[in-house]
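Biologist: Could you bring the model up on the screen so that we can go through it together? I have a few questions, and I may jump around a bit.

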Amino acid sequence: MRKTFSTVAASGILVMTLVACSSEPTLDEAQTGDGTDTIELAEFPDRPYWGDTHLHTDNSVDAFGFGVRLGPEDALRFASGEEVTATTGAQAQLSRPLDFLVIADHSDALGATRRLYDAPRWYVNWVIGDETVLRWYDMMHESPEQSQLAIAELITAAANGTVPEALADPEQAAENTKDIWNTHLEMLDRYNDPGTFTAIAGFEWTRMPDGNNLHRVVMYRDGSERTSQTLPFPGLSTTAEQLWDYMAAYEQETGGQVLAIPHNSNLSNGLMFEMTMPDGSPMTAEYATKRAAAEPVIEVTQIKGDSETHPFLSPNDEMAGFGVAGWELGNLPLTLETEPEMYAGSYARSALLRGLSLEQQLGVNPYAFGMIGSTDSHTSLATGDEDNFWGKHTGNEPATEDRAVTPQNLGTRIGRFGWNYLAGGYAAAWARGNTRAEIFDAFARREVYATTGPRMSLRIFGGFDFANEDWDGDWVRAGYTRGVPMGGELSDQGSAPTFLISALKDPDGANLDRVQVIKGWITASGETQERVYDVVWSDMEARARSSGRVPVVGDTVNREDATYTNSIGAAELRTTWIDPDYSAGQSAFYYVRVLEIPTPRWPLFDAVRFGFDLSDDAMADAVAQERAYTSPIWLKSAAEAQ
């Protein structure tokens, strides 16, 4: 097997690859196509398909530096239900397979650290012949801690344009990157099994000015016939608008389709959802149009916290603090602290409100997005289950018995990395079948929703003539034929919109506490407003409203053995809800939030599994109410609808 090695530092971006050349696999024609796989499809989307669109393997420069030694094939095997051996040696398996997966390795330095590590030392010493590179190589082989330091130095050198000259060979690097990408695409085609498991091509675009997280996951609809005609777009030295141009060029040149998913906005220090252009000038309609077209969905919850809203932004929302602790301190590397005035540009609900305001000014809403969850795991293991959480990276996999007691600092503040990690989330896509085309199209039309891990089934239709009697018949058909599903738009007809809302518990999980509708709207004078409505909840007679609030559902969690019972809550909640605060001509959005009863979080499961006591801080955060967020339905004024 012949190996070649080269790197390039171009425009401050490190592109380093060491490629193992191998023979092309034999591909099943039914699995390599353009996304129009032929399986029997339902008339309407008939179930939510569960997936992760944000998983890193050893092809990501940081994941490998953190210690992961599992590659894309291990990730695909694990997500589709097989047992794999984790980097730290334990056996890992999902209790239920996922339906789809996007491996989103960083486009910058794709596969670089894996291939540097695998090179013989004599090759690095004699052929590359650079003392700095050799020192990095030795550090990567010395220990996980030294490996992390080496990767940090390497990434800093790439960002600063100070990569050793011996590593620069642009032509060879481009060719090697192409080989890595095409090998990956062929593997996806082999594992793609229409109707059973969908393997989707993608990558992570990693823009991070001053440490502020503006990352996007780029997701393709197509098989290798089209995706092999492009290469992942670098992020460290490019802008979001350049990414959108790259995507538009891909679609024009190949006839394929692609979209981008902004993620982890809670660490953007207000830059993810700005009211202006990136340079501070007034936002233009052209820019807003490009963004809306390229980014129909955002990632609202993941391992690094929850980005739905913040108590500072939503002081009247008693459930607004989920997944916030520790993550509001600053940007991703904590090089800049987060001030409260930055929050509005970092959280989804405020961004949706900002979108209404910008639409009033520009005639275009740049933030009319749907919402999903995903993991952002750097272990190659896509799991959002509290009792099966494999950590953010290999340094806090379950084999590390003190991961919930002694947080991994990673050069940052004590307490941010540890029990503050969430074991989530997942993306749910309402589709007619499990194929690349159907899953992608659900994302494109925003008929998707986010959960923090549980797989509850959640549906909302909006219209103007729904009634309780619709539940007695084919209410799904009624929803599609007389209204719109989540992600859709309604044109104001001068009467209050009506919603059919249905929530079913995760069949293997906890009962439901309540269903809430979050409404945001803009007044004629341009003022934005929000309100949370409890629309249906368990045991409504016994839990009557008091002072306008629904009493807490209770708590059955046993802190001694990390168990709970479904003796409270409901297996199913549904209602027909009419907006009681409708005003004619009002632009608004509505999305549903569903809460489970309290359940144990992963630190409590760890404490029981490994036999240690949690600290007081960790114990205070050891139980939570997992949740789901639908994509909104927008009510548009007559003028906006035209």
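Biologist: How do the residues of the lining of the second largest cavity divide by class?

Modeller: Bearing in mind that this is a predicted model, the lining of the second largest cavity divides into four nonpolar residues, one polar residue and three charged ones.

Biologist: Which residues are they, and how much space lies in there?

Modeller: The second largest cavity is lined by Phe322, Glu386, Leu422, Ala423, Thr452, Arg601, Ala624 and Glu626, and the space in this cavity comes to about 40 Å³.

Biologist: And what volume does the largest cavity have?

Modeller: The largest cavity has a volume of about 70 Å³, and the structure holds three cavities of 30 Å³ or more.

Biologist: What lines the largest cavity, and how does that lining split by class?

Modeller: Its lining consists of Asn59, Ile103, Asp105, Ser107, Leu110, Ile180, Trp181, His184, Gly202, Phe203 and Pro232, and by class these are six nonpolar, four polar and one charged.

Biologist: Which element gives the largest share of that lining?

Modeller: That is helix H7, which supplies three residues. Helix H7, spanning 170–191, and strand E8, spanning 202–205, each supply at least two residues of the lining of the largest cavity.

Biologist: Changing topic to helix H4, which of its residues are buried?

Modeller: In H4, which covers residues 121–128, the buried residues are Tyr123, Val124 and Ile128. They lie on the same side of H4, because the arc they cover around the axis is only 100°.

Biologist: Why would residues three or four places apart point the same way?

Modeller: An α-helix has 3.6 residues a turn, so residues at that spacing point the same way.

Biologist: What about the other side of H4, and what comes just after the helix?

Modeller: Trp122 and Trp126 are exposed on the other side of H4, and just after H4 comes glycine 129, which takes a positive phi of about 65°.

Biologist: Zooming out, how many helices and strands are there, and what share of the residues is buried?

Modeller: The protein has 16 helices and 27 strands, and of its 642 residues, 61% are buried.

Biologist: And what do the contacts and the accessible surface come to?

Modeller: Taking contacts between residues at least 6 apart in sequence, 76% join residues at least 24 apart. The accessible surface comes to about 23,600 Å², with 48% of that area belonging to carbon and sulfur atoms.

Conventions
Residues are numbered from 1 along each chain as its sequence is written. This is a predicted model: local features need pLDDT of at least 70, side-chain atom pairs count only at pLDDT 80 or more; totals for chains, interfaces and linings use all residues. Side-chain values use heavy atoms; hydrogens and water are left out. Helices (H or I, at least four residues) and strands (E, at least two) are DSSP runs, numbered from the N terminus. Buried means under 20% relative accessible area, exposed over 50%, partly exposed in between (1.4 Å probe, protein chains only). Contact means heavy atoms within 4.5 Å. Accessible areas come from the Shrake-Rupley method with a 1.4 Å probe; for residues, only the protein chains shown count as cover. The arc is that of the directions from the helix axis to the C-beta atoms. On a 1 Å grid over the protein atoms alone, a cavity is a set of points where a 1.4 Å probe fits but cannot get out, and a pocket is an open set with protein on both sides within 12 Å along at least five of seven lines; lining residues have an atom within 4 Å of a point. Grid points are joined across faces, edges and corners, and a volume is the space filled by probe spheres set on the points. Ala, Val, Leu, Ile, Met, Phe, Trp, Tyr, Cys and Pro count as nonpolar, Asp, Glu, Lys and Arg as charged, and the others, Gly among them, as polar.
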